[in-house]
Amino acid sequence: MENMSIQELQHIITEELFFFEKESKTDQQNEGTTSTQEAEKPKTLPKTVHLDGATPPKEELKPEPLVVRGKFEKGILVLHEEQQLKPEVMEMLVNMINAVGHSMNEVGLLSSKELEERSLAELYDLNAHIVLKFGRIKHPINALPASDYQIHMEKETEYLFADALSTISEDKALKGKLWNTLKVLFNIAKK
């Protein structure tokens with residue numbers, strides 16, 4: 001078979017054959033030295049190239065926690081629609097809180113404006129035990145299945161939703177309705 005020509009071998013071998021020329025010894029020696037040189041080179045990481053105009057990844061900014069007005073000692077949270085409570089409305093709120101056996105030191109106040117664009121989780125982080133929501137507030141708390149002037153329990157927090165404090169202060173029937181619900185919420189027995 002060694003002495004056969006390529007034409008004769010084509011009848012015996014049906015697969016394609018490829019012929020490679022031998023490399024000269026100098027090429028092989030050069031290849032050998034470069035591969036050993038490459039093997040001897042210490043492996044390093046490529047240099048970091050900073051591109052102009054490339055912005056670093058933005059750090060996630062956490063909003064400041066909600067700041068409640070008042071001492072909020074007993075975890076009673078009052079959410080109100082009005083940005084500022086008028087003196088007569090504030091007096092009614094103080095009288096109402098005192099009538100249920102608490103003081104304003106135990107209460108925290110937040111307006112609708114202070115709650116805008118805040119999450120329900122942020123409100124839960126305040127750890128309020130009783131939440132009194134008065135009026136319309138732009139906040140996810142509205143999604144709770146609580147009816148006006150009805151007590152709603154969610155986990156360890158009791159909720160009472162009612163009309164705006166300014167509306168209640170002007171309507172004797174709403175004051176009575178709120179008072180009856182507050183008596184139940186704060187366990188005030190009839191005397």
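Me: Buried means under 20% relative accessible area, exposed over 50%, and partly exposed in between (1.4 Å probe, protein chains only). With that settled, what share of the 191 residues in the chain is buried?

Reply: Bear in mind that this is a predicted model: local features need pLDDT of at least 70, side-chain atom pairs count only at pLDDT 80 or more, and totals for chains, interfaces and linings use all residues. Residues are numbered from 1 along each chain as its sequence is written, and side-chain values use heavy atoms, with hydrogens and water left out. Of the 191 residues in the chain, the buried share is 31%.

Me: What pattern does the chain follow, read along the sequence?

Reply: Helices (H or I, at least four residues) and strands (E, at least two) are DSSP runs, numbered from the N terminus. The chain has seven helices and five strands. In sequence order, the pattern reads α-α-β-α-β-α-α-β-β-β-α-α.

Me: Which residue pairs with Tyr159 edge-to-face?

Reply: Rings of Phe, Tyr and Trp (its six-membered ring) pair if their centres lie within 6.5 Å; planes under 30 degrees apart are stacked, over 60 edge-to-face, and the rest tilted. That rule gives one aromatic pair, with 6.5 Å centre to centre and 85° between the planes. Tyr159 is buried, because its relative accessible area is 2%. Its partner is buried too, at 3% relative accessibility, and that partner is Phe161.

Me: How far from Phe161 is Val131, C-alpha to C-alpha?

Reply: Val131 lies in strand S3. At 2% relative accessibility, Val131 counts as buried. Along the chain, Val131 and Phe161 are 30 residues apart, yet their C-alpha atoms are separated by 8.3 Å.

Me: And how far apart in space are Leu160 and Val78, C-alpha to C-alpha?

Reply: Leu160 has its place in strand S5, and with a relative accessible area of 1% it is buried. Leu160 and Val78 are 82 residues apart in sequence. In space, C-alpha to C-alpha, the figure is 9.7 Å.

Me: Is Arg136 buried or exposed?

Reply: Arg136 sits in the loop between strand S3 (130-134) and S4. At 71% relative accessibility, Arg136 counts as exposed.

Me: Which residue meets Arg69 in a salt bridge?

Reply: A salt bridge here is a side-chain nitrogen of Lys or Arg within 4 Å of a carboxyl oxygen of Asp or Glu, and the count comes to two salt bridges. In this one, the N to O figure is 3.2 Å, and the partner of Arg69 is Glu114.

Me: How many residues apart in sequence are the parts that Arg69 and Glu114 tie together?

Reply: Arg69 is partly exposed at 33% relative accessible area, and Glu114 is partly exposed at 30%. Arg69 lies in the loop between helix H2 (25-40) and strand S1 (76-80), while Glu114 is in helix H4 (residues 112-115). The pair therefore ties together parts whose separation in sequence, in residues, is 45.

Me: How far apart are the closest N and O atoms of Arg118 and Glu122?

Reply: Arg118 is buried, with a relative accessible area of 19%, and Glu122 is buried at 16%. They form a salt bridge, and the closest N and O atoms are apart by 2.7 Å.

Me: What is the phi of Phe72, roughly?

Reply: Phe72 is found in the loop between H2 and S1 and is buried, with a relative accessible area of 17%. Although Phe72 is not a glycine, its phi is positive, at about 60°.

Me: Where is Lys155 found?

Reply: Lys155 also has a positive phi without being a glycine, about 55°. Lys155 is exposed, because its relative accessible area is 76%. Its place is the loop between strand S4 (151-154) and strand S5 (157-162).
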